[in-house]
Amino acid sequence: MLERCVLTDQNFADEIVAKPLRHVWRWVVGAFLLLGVYALCWSIATSPNIDGAVFGKYVFNGLIIDGAIKTVWITAVSMIVATVLATLLAIMRLSTNPLLKGFSIAFVAFFRGTPLLLQIVFWGFLGLIWPLTTIGIPFTDIVFFQAKTSDVMSPIFAGIIALSLNEAAYASEIVRAGILSVDVGQTEAAKSLGMGAGYTLRRIVLPQAMRVIIPPMGNETISMLKSTAMLSLVAVTELYTRAQIISATNYKQVELMAVAGFWYLIMNAILSVPQSYLEHRYGKGVANQNERWFRLPFRGAKQ
Amino acid sequence: MPMVEAINVKKRFGSNEVLKGISLRVEPGQVLCLIGPSGSGKSTILRCLNHLESINAGRIYVDGTLMGYREEGSALHEMHPRDIAAQRQHIGMVFQRFNLFPHLTALQNIAEAPIGVQGVPREEALEQAAQLLARVGLSDKADHYPSQLSGGQQQRVAIARALAMKPKLMLFDEPTSALDPELVGDVLEVMKQLAKEGMTMIVVTHEMGFAREVADQVVFMDDGRIVEVGTPAQVIDNPQHERTTAFIRSVL
C-alpha cells in the first residue's frame, strides 16, 4: 500500500473551492491612473481658455462634416490604389527576373526612405519641374493630349497620388510577408493539379495570405486616415484643413482641433468594424470559428 | 506504349547529385512501388515525373510525351509554364503532408481544379466531387474544413482531389508516413481499391505489406541509384543484394 505524506482519513473528493488571490497593488496603481484622468478632465472642463460651447457649435458644422467626408473618401481611394500597387510590387519582388525585382526594391527604398510630407509637396508642386503634361508616342511628334501640369494636378489628385505611392511601398512588404507565410506545399499541390501561376496566386495563395495581411493593413488604414491631415499643405480641403481655416477666422484653435480630433477618433472606431469582418471571413478553416469577438474583463476563464 | 518511361534521369541540387541515372518503365494499369532508405532519392524521382523538379540529364516520357521540354530536331526548348501545367493535369499527386487547401471545405478542395482548370460546370463538378467523397468513404464530411478532419480523412480527401482531374497516372509520395498507425489502414484500402480498378500508380512507401499485395513491380533505391528491380516476391522476399536485404530486414 502507498504511504501518504500526510496522515489523514479524508480522501479529498470535493472540488477545490479556494478564495481568489487579490492583486492589491494593481488596484492601487489603477486608482492613481483614474485620479490622473479625472484631474485632467476637470482641468479642461473648468478652464477659462477652452470654450465648450464652441466645440458644440462646430462639431456638426457643414464645412467640418464635408471635410470629414472628403477625408474618408481620399483614404478609401488611396488605400485601394495602394493595395493593388502593393500586390504588384510584392509579386515583382518575389519574381526571379532581376529587372522586375530591382524595380520593386528601388521603389520601396525611395518611397519609404523619404518623408511623406516631402512627397506630398513634391506631387503638389509637380508643375515646377514639368510645366507641361504631354501624352503621346515618344520619339515622334504624335501628341494625344497636352495641358499645363498645374491644371491636371488638382490638389486632391496630387494628394491621392502621394498617399497611394507612399502607402504602396509599405503595404508591399506586408503583402510579401503574407505570400511567404503560405506553405510551399500549397503551391506544389496547386501545380500538381495543373493550376497555372496566376490562378494559384488568386485562388490558393492570396486567400490564405489574407489572414496575415489584414491585421497590419488595418493599422495602415488608420495611419493613412490620419496622414490625410498633411494634405493641408497642398490646400486639399479635408477635415484638418477645414478646422484650420475656421480657427484662423475665429481664433478658437484649441476648440477646433478638438472638433477635428473627435471626428478622427469616431472614423477610426468605425474602421474596426470592417476589419473584424474581413478577419473573420479570411479566417475560414483556420481560426476558431466559435471564438467570440470580445470577452468581458473580470470574468476569468469560466466556460 | 508504356505509361511512364524514365531514361537515365539525373538530378543535382547544387553540387549534390541526388539522382545518378534512374530508368523506370511502367505499363498502363501497373503499380510500381519505390522503396529505399530516406535520402535515397525516391521522393525526388517522383517529383521529377510531373516536373515539380526539373532534371539535369535524361528524359521522362509520360503517356508518350516528353515532360517539361519540347524537342525540335536535336535541340531542347524549355516549355512555357502554361504547357507544363497542361501536362500535369493528367498526373495526380498525393503528398506525405496532404497539402489540402485549408481555406476550402473538403468538397471545394475536390471541385476547385475541375472548375477552375478544366472549366467543368460548377454543378457538375460539385456532383462529381460528392461522388468521389463517397468513394473514399467521407460523404458526411463534405462541408468540413481540413482542420476539422483527422490525418487519414485528410489524405483520403487529397486522393479524391487528385482523382477529380481524371488522371491517367497517380503518384503517391509516402502517403501514410505522416499518419497515426490506426489511420493507415483506411488510406491503404482506398489505394488498393484504386489499383484494382486499373489505375496506373507509382507509390513511394515503407508499407511492405501493401507493396507485396498490390505492386506489380518493386524498385529498391539507394544513394540515387536503382539497386534492385523485380516482382514483390523477388525484391521483398528474396532480395539479391546485401543493401536490399539489410533495408528489408530493418523495415519488416
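Over all chains, the count comes to 19 salt bridges, a salt bridge being a side-chain nitrogen of Lys or Arg within 4 Å of a carboxyl oxygen of Asp or Glu. The structure is a predicted model, in which local features need pLDDT of at least 70 and side-chain atom pairs count only at pLDDT 80 or more, whereas totals for chains, interfaces and linings use all residues. Residues are numbered from 1 along each chain as its sequence is written, chains are lettered from A and ligands numbered from 1 in the order in which they are written, and side-chain values use heavy atoms, with hydrogens and water left out.

Between chain A and chain B there are three salt bridges. In one of them, the side chains of A:Asp183 and B:Arg97 meet with an N to O distance of 3.9 Å. A:Asp183 lies in the loop between α7 (155-180) and α8 of chain A, and B:Arg97 in the loop between β8 and α3 (106-116) of chain B, so the pair joins two chains. Helices (H or I, at least four residues) and strands (E, at least two) are DSSP runs numbered from the N terminus. A salt bridge also links B:Glu112 with A:Arg203, whose closest N and O atoms are 2.8 Å apart.

At the interface, 19 residues of chain A are in contact with 24 residues of chain B, where contact means heavy atoms within 4.5 Å. The area buried between the two chains is about 1900 Å², of which carbon and sulfur atoms give 57%; buried area is the accessible area (1.4 Å probe) that two parts lose on being put together, summed over both. A:Glu188, A:Ser192 and A:Leu193 supply 29% of the area that chain A buries against chain B, more than any other three residues.

Six residue pairs, both members at pLDDT 80 or more, are in polar contact across the interface of chain A and chain B. A polar contact is a pair of N or O atoms within 3.5 Å; within protein, one must be able to donate a hydrogen and the other to accept it, and residues adjacent in sequence count only if both atoms are side-chain atoms. On the side of chain A that touches chain B, the elements giving two or more residues are α8 (184-192) and α9 (197-227) of chain A. The most comes from α8(A), with seven residues.

Chain B contains an open sheet of six strands in the order β8-β9-β10-β3-β11-β12, with mixed pairing; two strands pair if DSSP finds at least two bridges between them. β8 (91-94) and β12 (225-230) of chain B stand at the edges, each with a single partner strand, so one side of each is left without a neighbour in the sheet. β8(B) runs parallel to β9 (residues 169-173) of chain B, to which four bridges join it. Within this pair, B:Gly92 has B:Met170 as its bridge partner.

A further open sheet of chain B has four strands in the order β2-β1-β4-β5, and its pairing is antiparallel. Its edges are β2 (16-26) and β5 (65-66) of chain B, each with a single partner strand, so one side of each is left without a neighbour in the sheet. Eight bridges connect β1 (residues 4-13) of chain B with β2(B) in the antiparallel sense; B:Lys10 stands opposite B:Lys20, and B:Val4 opposite B:Val26. In the hairpin of these strands, which has two residues between them, B:Gly14 takes a positive phi near 65°.
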